[in-house]
Amino acid sequence: MTKYILVGGYPRKATDGGKAFSEELVKGFSEPVKILECLFARSRDNWETAYAEDVGFFQKHLPDRKLDFQLAQPDTFVKQIHWADAIYIRGGEMEPLYERLAQSPGWEKELDGKTFAGSSAGAYAITKYNHKLDTPELGEGLGLLPLKVLAHYRSDYNAPNIDWDKAERDLKSYKEDLPLVALREGEFRVFEH
């Protein structure tokens, strides 16, 4: 059984600044909790900066927890997932995310007993179908959860180019009938599968 956390966008934009998400990510693990930070959806030249931001984010919200961090690398991703208690895929662009995940075949077989969280593009990768938002296209994720997800819901993301009602209708009627999860900035939902 894997615990999945889908985040609608920037966790820091939640009303509590991301505290509840941080606590959910590490819930149930003994210390030190091992967190694998996956930035595959972002430009490679931004990884170190984004990694430092996220380490600081989790340390700020979990000051009483001992945490170990690793920055995910495509060539050692399977081994790193095996090491980790919790894996967090930060948002960004879908294409580089899928390309880098594909460099580590079989990584998804290592998720049992772990928490696997994804924000925005990360949530899109976890689920079966999504609305891309930067374009009016509907897309397919990896299908680890049989859901449709709409991130950044009713936010100013790509405003005014998104008709949120149309995006929701289009995604709801896309391909097979699956539950649709619309997540606002910083909002998250937990699923076990």
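At what angle do the axes of helix 1 and helix 2 cross? In this predicted model, the axes of helix 1 (residues 19-26) and helix 2 (residues 47-61) cross at roughly 90 degrees and come within 9 Å. Local features need pLDDT of at least 70 and side-chain atom pairs count only at pLDDT 80 or more, whereas totals for chains, interfaces and linings use all residues. Residues are numbered from 1 along each chain as its sequence is written, and side-chain values use heavy atoms, with hydrogens and water left out.

**Helix pair**

- Helices (H or I, at least four residues) and strands (E, at least two) are DSSP runs numbered from the N terminus, while axes are lines fitted to C-alpha atoms, for helices over the stretch in contact, with angles from 0 to 180 degrees between N-to-C directions.
- Helix 1 and helix 2 are therefore roughly perpendicular to each other, a term that covers angles of 65 to 115 degrees.
- Lys19, Phe21, Ser22 and Leu25 of helix 1 make the contact with Phe57, Phe58 and His61 of helix 2, where contact means heavy atoms within 4.5 Å.

- Four strands form an open sheet, 4 strands in the order 7-6-8-9, with mixed pairing; two strands pair if DSSP finds at least two bridges between them.
- Strand 7 (138-140) and strand 9 (180-182) each have a single partner strand and stand at the edges, so one side of each lacks a neighbour in the sheet.
- Strand 6 (residues 127-131) pairs with strand 8 (residues 145-150) in the parallel sense over 3 bridges, and Asn130 has Val149 as its bridge partner in strand 8.

How values were computed: Parallel < 35°, antiparallel > 145°, perpendicular 65-115°, else oblique.
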